[in-house]
Amino acid sequence: MTLANGPSARFSTAHQGFEKTKSNVASRTMSNELSKLINMLPEGERRDIFQAEMDNFFMLFNRYLSDRATNATLDWEKIKSPAPDQIIPYAKLAKTTPEKESQLLSKLAVLKLNGGLGTTMGCVGPKSAIDVRDGLTFLDLTVRQIEYLNTSNKVKVPLILMNSFNTDEETNRIVQKYLSHEVTILTFNQSKYPRIYKDSLLPCVKHADEDVSKGHWYPPGHGDVFESLENSGLLDKLLEEGKEWLFISNVDNLGATVDTTILAHMQDSGAEFIMEVTDKTKADIKGGTLIDYDGHVRLLELAQVPGEHVDDFKSIKKFKIFNTNNLWVSVKAIKRILNERELQLDVIVNPKTLPSGEKVIQLETAVGAAIKHFRGAHGINVPRSRFLPVKSTSDLFLVTSDLYHLDHGQLVMSPKRLFGTIPIVKLGDHFKKVSDYQARFRGRPRILELDHLTVTGDVYFGTDVTLKGTVIVVANHGNRIDLPAHSLLEDKVVTGNLRILDH
């Protein structure tokens, strides 16, 4: 047993004091470096915006230093399952009337997080420009949805795109083709933060106008949405136009459409923040979840979980739901929280390696973590159909199949599907890029009765191939498998070198 004033306690106190001193030095040094960057720009609006971004980055950096010095983590013993009033089943929400729907929609704006590139799927440019269904891109489908919403309800819901410096130029070029549509499209850029060297904690950036191609700047995650919305002037514009609510979602989530039932509940409940969650499956074990922490609802991400409790976090029994990142937020509440400088999102440390081999880190935040700052915030457990992301070609396989049909830009699951669950699809490295995927599927797959599909190796699918039950197709190294047009595979394993399949 160690006494409170023994050597261990003295060492702990001394260590904390040492870390605090290190943090103070690092903070002062960073402040000086950021001031140099700001002073490189001439006086004017551009410098004002850049200074606002660097101020926000400096606050994020100081939170990172504080967390590191105190080894700040959530107390696992305080983490509890959400109370019944913290997560409400969608089925219990009251339906609304057409008259009320129009009144609610007149005060709504839709914001899509559009900062990502399509590099993981082998594409160049904004991910939102990838063809996902019948020659239509994510943006095409989104515009169709909003246009139909506006014309059928006689309202003017604007579509707002939060771009990054990676996607802004190309996105603004693309949106020109929608000028004749019944949709007002507004864009703004999320912040541009400097990566910092892992060892020295100094910014990699040497000049405020340094080209982004060097990799020293980065977009700091979607938690930056509120501050960037304010810096752009759009937050005040929305307030001036009488907008009361924002519906925020990822541009690649094809299930994230405007739902007036949720919107009406938001008005009736007075909640300032609603997060859509849905039931977790084995494919979602890494997704953030809502918890009760000291009587308050909070978002818990995998990165915040102590190593010894990771398996608990991934357990479907213990944490049954996960965050879809479909969020409904009060515009007035955003303004209040920013004015009072209350926004303190959990810091996510993302390690990177520069082309030079130097180790750097980028500090990020997640927008869902803001739930702890809003009054009356809670989750709504929505149907799985509201979470339909396309993160890989395995997801693309699902949304291009006969499992879905298009209805005014919205993907709707076929009523012929006997079960509401989505098949588990795992396509191998030969299908990783969109161009490779498109070359290997010569037509829309028929999968209404499919449960599980695994494909690896050099495999090609002909037109009108039907897959049912569990299907596994494996072409070993040096082999090739061609599945002819009109093939039917039901609960079948196909291996080897096969150019013609009996059916």
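**Figure 1. Aromatic pairing around phenylalanine 441.** The count of aromatic pairs comes to 15 in this predicted model. One of them joins phenylalanine 397 and phenylalanine 441, a tilted pair with 5.4 Å centre to centre and 55° between the planes. This pair links distant parts of the chain, 44 residues apart: phenylalanine 397 belongs to helix α11 (residues 393–400), whereas phenylalanine 441 lies in the loop between α12 (434–440) and β22 (446–456). Phenylalanine 397 and phenylalanine 441 are buried. Phenylalanine 441 also pairs with phenylalanine 431; the ring centres are 5.8 Å apart and the planes stand at 55°, so this pair too is tilted. Here the partners are 10 residues apart, with phenylalanine 431 in the loop between β21 (424–427) and α12, and phenylalanine 441 in the loop between α12 and β22. Phenylalanine 431 is buried, as is phenylalanine 441.

**Figure 2. Arginine 440 over two aromatic rings.** The charged end of arginine 440 sits over the ring of phenylalanine 431, at 5.6 Å from the ring centre. The charged end of arginine 440 also sits over the ring of tyrosine 460, where the distance to the centre is 4.4 Å.

**Figure 3. An aromatic cluster.** One aromatic cluster is formed by Phe57, Phe61, Tyr64, Tyr193 and Tyr218.

Figure 4. The protein is divided into domain 1 (76–386) and domain 2 (393–496). The centres of domain 1 and domain 2, taken over C-alpha atoms, are separated by 30 Å, and 17 residues of domain 1 are in contact with 17 residues of domain 2. The largest nonpolar core has 40 residues, of which Leu254, Phe397, Leu427, Leu453, Phe461, Leu467 and Val473 touch the most other members. Strand β22 gives the most to this core, with 5 residues. Because domain 1 and domain 2 both give residues to the core, it lies between them. With neighbours within four places in sequence left aside, leucine 453 is in contact with Phe397, Ile424, Val425, Lys426, Leu427, Leu467 and Val471. A second, separate core contains 38 residues, including Phe188, Leu235, Ile248 and Leu327. In soluble globular proteins, nonpolar side chains tend to be buried together.

Figure 5. Serine 394 is found in helix α11. Its relative accessibility is 11%, and serine 394 therefore counts as buried, the cut-off being under 20%. Not counting residues up to four places away in sequence, serine 394 touches Val425, Lys426 and Leu427. Serine 394 and valine 455 are 61 residues apart along the chain, and their C-alpha atoms are separated by 9.9 Å.

**Figure 6. Helix α4 and the residue that follows.** Helix α4 (residues 138–153) has 16 residues. From its first C-alpha to its last, α4 reaches 23 Å, close to the 22 Å expected at 1.5 Å a residue. The buried residues of α4 are Phe138, Leu139, Asp140, Leu141, Thr142, Val143, Gln145, Ile146, Leu149, Asn150 and Asn153. An α-helix has 3.6 residues a turn, so residues three or four places apart point the same way. Lysine 154 follows α4 and has a positive phi, near 55°.

Methods. Residues are numbered from 1 along each chain as its sequence is written. This is a predicted model: local features need pLDDT of at least 70, side-chain atom pairs count only at pLDDT 80 or more; totals for chains, interfaces and linings use all residues. Side-chain values use heavy atoms; hydrogens and water are left out. Rings of Phe, Tyr and Trp (its six-membered ring) pair if their centres lie within 6.5 Å; planes under 30 degrees apart count as stacked, over 60 as edge-to-face and the rest as tilted. Helices (H or I, at least four residues) and strands (E, at least two) are DSSP runs, numbered from the N terminus. Buried means under 20% relative accessible area, exposed over 50%, partly exposed in between (1.4 Å probe, protein chains only). A charge sits over a ring if NZ of Lys or CZ of Arg is within 6 Å of the ring centre and within 35 degrees of the ring normal. The expected span of a helix is 1.5 Å times one less than its number of residues. A nonpolar core is a set of buried Ala, Val, Leu, Ile, Met, Phe, Trp, Tyr and Cys residues joined through side-chain atoms within 4.5 Å. Domain bounds come from an automatic or database domain assignment. Contact means heavy atoms within 4.5 Å.
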